[in-house]
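Subject: Handover of a structure

Dear colleague,

Please find below the structure that I am passing on to you. My notes on what was found in it follow directly after.

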Amino acid sequence: MQYEISHTDLALVLALVRGRSLARASELLKVDISTVFRSIRRLEAALGTSLFEKSRRGYIPSDIAQAMAEQAERAELALNAARVALQQGEQVVSGTVRLTCTEAVLHSLLLPALAQFMPAYPALTLELATSNSFANLSRRDADIALRLTNAPPEHLVGRRLGAASYVICGQTQYRQALAKDPASVPWIAPDDSMPEHASVIWREQAYPGVVPRYRCSSMSAVSQLVAAGLGVAALTDFTVTGLHGVEQLSDPLPGCDTDLWLLTRADCRALRSVQALFEELTPLLREKLALAE
């Protein structure tokens, strides 16, 4: 008869995957080391396969052990949600919401907002993905998108949170040279993967003779190079406020203002988890945009 895996088996494997040692796993399970050792050997014998490889780095899980640990984590989350529901009643917000945004929006806007309210939703799980397109949401790989765009797709519904302006920014040593000759300072820009980006279109029109010295595959990387003092770049005003030692070196760039939208699919907007995130994120992000402006 094929062995039937129990919740105890999953908890055992998860503890050893997390701990990577018998000692740490025994602490997590609150049993002695010998019990963990015997239990793993017994489980491997019952399954007819090795679950871990012992090495200098500790116990390395096999693909089967990793899959079992992932299922154990899902069960752990489900049990936690059930406990919270019993404590708080029917009003508890639970489940998993998949949210997509760009790296720049994630670091400058979303993460500070999540830190303020997510502790109040212990049964709510977020899966965060960074992407520069709406493809994830359209393919139903995500439930919510936080996007900078002046033309959100018609099949999505949501809220306009405000507008972001682009400004030239950099460390103070570039201010004088930039004013005299923009081509004399090193520029940092998105690479060819973002040809339609607002900052790229503006620079090519305003300073066609400027050739960027550094090109990056994400705006988050652009901002990090600016913060390191490697040059100047056109970044959103809310990004500049979070970069230490970086100053705004120009007025808002004409034609570059971009709206920030919080969007979802029509079939998701009635979900309590999605509604909760909309209600929490809306005022926090609107305030952040207003302060940057």
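In this predicted model, the largest nonpolar core is made up of 32 residues. Those with the most contacts inside this core are Leu 110, Phe 117, Ile 144, Leu 146, Leu 277 and Leu 281. At least two core residues each are supplied by β3 (95-101), α5 (103-117), β4 (124-130), β5, β6, β12 (258-265) and α11 (272-292). The largest share, nine residues, comes from α11.

Setting aside neighbours within four places in sequence, Leu 110 is in contact with Leu 99, Cys 101, Val 105, Leu 128, Leu 146 and Leu 281. There is also a second, separate core of 19 residues, which includes Leu 14, Val 17, Val 36 and Phe 52.

Two loop residues were also examined. Thr 149 is located in the loop between β5 (144-148) and β6 (156-164). Thr 149 counts as buried because its relative accessible area is 13%, under the limit of 20%. Its side chain reaches the backbone nitrogen of Ala 151 at 3.0 Å.

Ser 50 lies in the loop that runs between α3 (33-47) and β1 (52-55). With a relative accessible area of 45%, Ser 50 is partly exposed. The side chain of Ser 50 reaches the backbone oxygen of Phe 52 at 3.2 Å, and Phe 52 is one of the residues of the second core. Not counting residues up to four places away in sequence, Ser 50 touches Glu 44 and Ser 62. From C-alpha to C-alpha, Ser 50 and Ser 193 are 44 Å apart in space, and 143 residues separate them in sequence.

With kind regards

Terms used:
Residues are numbered from 1 along each chain as its sequence is written. This is a predicted model: local features need pLDDT of at least 70, side-chain atom pairs count only at pLDDT 80 or more; totals for chains, interfaces and linings use all residues. Side-chain values use heavy atoms; hydrogens and water are left out. Helices (H or I, at least four residues) and strands (E, at least two) are DSSP runs, numbered from the N terminus. Buried means under 20% relative accessible area, exposed over 50%, partly exposed in between (1.4 Å probe, protein chains only). Contact means heavy atoms within 4.5 Å. A polar contact is a pair of N or O atoms within 3.5 Å; within protein, one must be able to donate a hydrogen and the other to accept it, and residues adjacent in sequence count only if both atoms are side-chain atoms. A nonpolar core is a set of buried Ala, Val, Leu, Ile, Met, Phe, Trp, Tyr and Cys residues joined through side-chain atoms within 4.5 Å.
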